[in-house]
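Student: Please take a close look at one part of this structure, the aromatic residues and what surrounds them.

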Amino acid sequence: MARVTVSPEEFHLVEYDAGEIASIVSELADKVGFGDRAIEIHVDEKTPLGSSAVVALDPITVTVESGGFEDAKKLRHLSREGVEGVIGRHLMRTKDRLNPQFGDPPADDDLPIELYTAWDMYAVGRLERLGFPSQRERRRYHFRIRHGFTDAADRVFDRLWAGDNLTWADIQAASAEALAAKPSAPKKKPTAAKGRA
């Protein structure tokens, strides 16, 4: 089993239980294939927002704003699916980064949003095949927003979603293929320059 630690150990602003989060992440990590690796989860309970990031690979360290784990129907309470979705996506991407055959993607902060999104589709598609909830059509919509509402984008999305053993070069090529079919934004008509009085 993965060795998971969660901070804070006790929550005061949200009704979360550190032991429950650790148990969910441990089960998830085992299914993803992380064995006995150390994983640290740092939850910022002071914000209801939901951003998250992997900030270190050894130990695997994920920071999460508390909204990322929140049950949308029961505010300030933990959602198991929320934990599985957020941490699962990051663990899949971390697994890729630790695999020499995958390639050498830039740091997340340096990734164009289109590539970040394409990689997410590959990660969440694999999670779905492990039995975790995926919200596939919601993910498809996110992909379309970044890559265009085209048949080509849908075909690329389906390929990424069903993909296995893809490399970083494969993800770059898939994103570029979808973007190539994206209609150009209409050009704005030039406005007449106002002269000085």
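Tutor: Trp-119 has 0% relative accessibility, so this residue counts as buried; the term means under 20% relative accessible area, with exposed over 50% and partly exposed in between (1.4 Å probe, protein chains only). Trp-168, at 6%, also counts as buried. This is a predicted model, where local features need pLDDT of at least 70, side-chain atom pairs count only at pLDDT 80 or more, and totals for chains, interfaces and linings use all residues. Residues are numbered from 1 along each chain as its sequence is written, and side-chain values use heavy atoms, with hydrogens and water left out.

Rings of Phe, Tyr and Trp (its six-membered ring) pair if their centres lie within 6.5 Å; planes under 30 degrees apart count as stacked, over 60 as edge-to-face and the rest as tilted. The count by this rule is seven aromatic pairs. In one of them, the ring centres of Trp-119 and Trp-168 are 5.2 Å apart and the planes are at 55°, so the pair is tilted. Trp-119 belongs to helix H3 (residues 113-129) and Trp-168 to helix H6 (residues 168-180), so the pair ties together parts 49 residues apart in sequence. Helices (H or I, at least four residues) and strands (E, at least two) are DSSP runs, numbered from the N terminus. Together with Phe-102, Trp-119 and Trp-168 form one aromatic cluster.

Charges also meet rings here. The charged end of Arg-93 sits over the ring of Tyr-116, 4.0 Å from its centre (CZ of Arg or NZ of Lys within 6 Å of the ring centre and within 35 degrees of the ring normal). Likewise, the charged end of Arg-126 sits over the ring of Tyr-122, 3.6 Å from its centre.
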